[in-house]
Amino acid sequence: MKHLFLLFFFALPLTATDDIITRTKITPESAWVGQRMTLKIDVLGKDGWAQITDLENLEIPNCYRLPAGNSRVRLQEKIEGADYSGQSYELSLYPQRDGVIQIPEIPLSIKVSSWGANSGTKEQVVHTTASSIEATLPAGVQHVQSFVASPKFTVTQTWSSEADSFTIGDALKRSIRLEAKDLPAMLLPLVSTPELACLSSYPETAELNDITHHNTPTGQRDQTITYVFEANGTVELPTYTFQWWDTTHDTLQTLTLPGRSVQLSGGTATTSPATVQALEKSRSSRSKYAIVFLTLLGAALTLQLLKRSCADLHNTRPTEKQ
């Protein structure tokens with residue numbers, strides 16, 4: 001049975017005139033670890049138009065947050081006989097651990113543009129009320145890193161060749177796509193490349209794409225691995241499995257991308273131009289990361305040597321006699 005939670009609170013403005021009203025709400029009423037929740041924030045100004053000036057830096061501990069983007073709706077309401085107008089904002093939250101997650105007070109920088117006799121612009125910081133939510137890890141989940149909570153999750157793969165035997169020096173490209181609804185690409189599982197006998201694996205940098213339709217995100221992770229065969233023998237290319245919690249039917253499923261068994265024998269390699277290009281792209285990507293790492297390492301070592309030289313100079317400086 002799911003743990004239920006409902007977070008709906010009103011944050012009163014800091015002034016006694018009720019010039020600014022804020023409302024926040026998180027839905028749905030139940031959450032699984034990694035499941036998308038929607039945080040809705042309404043801001044309203046009396047006899048004016050209110051908007052949040054800085055929402056991108058909003059952080060909630062133990063939750064991954066997607067920016068508001070274009071999910072803003074204009075609001076116009078009459079409250080206790082007065083006219084209020086402002087905006088409604090929606091953000092996507094993804095709890096990253098199970099248990100109670102504390103939500104601290106959220107400071108909101110709000111600007112109100114007024115009209116009429118008191119026309120002008122004023123800014124004010126309003127704090128919401130601290131609260132908490134509870135997220136649950138579905139029973140049976142083995143590894144959180146490869147776990148997906150989504151109403152729809154698909155995994156597909158294609159191979160550059162369907163042959164079951166190759167010559168030493170040949171290459172085989174494997175392209176994998178993970179796609180999940182209501183989930184950003186950053187939260188999709190990683191595709192590992194274990195070391196295998198008789199070959200070398202060259203993974204390219206994963207391509208991450210986020211597609212939003214009617215404020216609903218869909219994340220895509222495309223990963224390409226090129227295997228280059230180097231010795232005689234039989235090689236078992238790895239099978240990948242992913243755990244998927246179907247949030248529509250509350251069921252745990254395992255999706256599988258089957259590996260392959262290929263036979264390798266000696267001979268002269270005949271690598272296609274497309275495979276050569278893929279290998280060069282993979283090596284170039286890995287080289288860029290290596291250059292950045294070595295540059296940062298060199299800077300750190302240089303700074304350490306400078307600190308040590310300054311310390312040695314200070315210690316060897318002659319002391320003035322009294």
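This report describes strands, salt bridges and aromatic contacts in one predicted model.

## Basis of the description

The model is predicted, so local features need pLDDT of at least 70, side-chain atom pairs count only at pLDDT 80 or more, and totals for chains, interfaces and linings use all residues. Residues are numbered from 1 along each chain as its sequence is written, and side-chain values use heavy atoms, with hydrogens and water left out.

## Strands and their pairing

Strands of a sheet pair through backbone hydrogen bonds, either parallel or antiparallel. Here a strand is a DSSP run of E with at least two residues, numbered from the N terminus, and two strands pair if DSSP finds at least two bridges between them.

An open sheet is formed by 3 strands in the order 14-22-19, with mixed pairing. Strand 14 (165-167) and strand 19 (233-237) stand at the edges with a single partner strand each, so one side of each has no neighbour in the sheet. From one strand to the next, the twist averages 30 degrees; the axes behind such angles are lines fitted to C-alpha atoms, and angles run from 0 to 180 degrees between N-to-C directions. Strand 14 runs parallel to strand 22 (residues 260-265), and 3 bridges join them. Within strand 22, L264 stands opposite F166.

Antiparallel pairing is found elsewhere in the chain. Strand 4 (residues 48-52) pairs with strand 9 (residues 107-114) in this sense over 5 bridges, and Q51 stands opposite K111 of strand 9. Strand 9 also pairs with strand 10 in the antiparallel sense, over 8 bridges. The bridge partner of S109 in strand 10 is V125.

## Salt bridges

A salt bridge is a side-chain nitrogen of Lys or Arg within 4 Å of a carboxyl oxygen of Asp or Glu. The structure holds 6 of them. In one, the side chains of K122 and D19 meet at 3.1 Å, N to O. K122 lies in strand 10 (residues 120-127) and D19 in the loop between strand 1 (7-11) and strand 2 (20-27), so the pair ties together parts that are 103 residues apart in sequence. For burial, a residue is buried under 20% relative accessible area, exposed over 50% and partly exposed in between (1.4 Å probe, protein chains only). K122 is partly exposed at 36%, and D19 is partly exposed at 21%.

E77 and R23 form another salt bridge, at 2.7 Å from N to O. Because E77 lies in strand 6 (residues 72-79) and R23 in strand 2, this pair ties together parts 54 residues apart in sequence. E77 is partly exposed at 27%, whereas R23 is buried at 17%. A further salt bridge joins R177 to D222, the closest N and O atoms being 2.7 Å apart. R177 belongs to strand 15 (residues 171-181) and D222 to strand 18, 45 residues apart. R177 is partly exposed at 34%, while D222 is buried at 18%. Salt bridges with shared partners also join R23, D42 and E77 into one network.

## A buried threonine

Strand 18 (residues 216-229) also contains T218. T218 is buried, with a relative accessible area of 19%. Leaving aside residues up to four places away in sequence, T218 touches E179, A180, K181, L183, N209, D210 and I211; contact means heavy atoms within 4.5 Å.

## Aromatic contacts

Rings of Phe, Tyr and Trp (its six-membered ring) pair if their centres lie within 6.5 Å; planes under 30 degrees apart are stacked, over 60 edge-to-face, and the rest tilted. A search of the whole structure finds 5 aromatic pairs. The rings of W32 and W245 have centres 4.9 Å apart and planes at 55 degrees, so this pair is tilted. W32 lies in the loop between strand 2 and strand 3 (37-46), and W245 in strand 20 (residues 240-246), 213 residues apart. W32 is buried at 6%, and W245 is buried at 8%.

F153 and F242 form an edge-to-face pair, 6.5 Å centre to centre with 85 degrees between the planes. F153 is in strand 13 (residues 153-159) and F242 in strand 20, 89 residues apart. F153 is buried at 3%, and F242 is buried at 3%. Ring pairs link F153, F242 and W244 into a cluster.

A charge can also sit over a ring, which requires NZ of Lys or CZ of Arg within 6 Å of the ring centre and within 35 degrees of the ring normal. R260 lies over the face of W159, at 4.7 Å from the ring centre.

Note on methods. Helix = DSSP H or I, 4+ residues; strand = E, 2+ residues; numbered from the N terminus.
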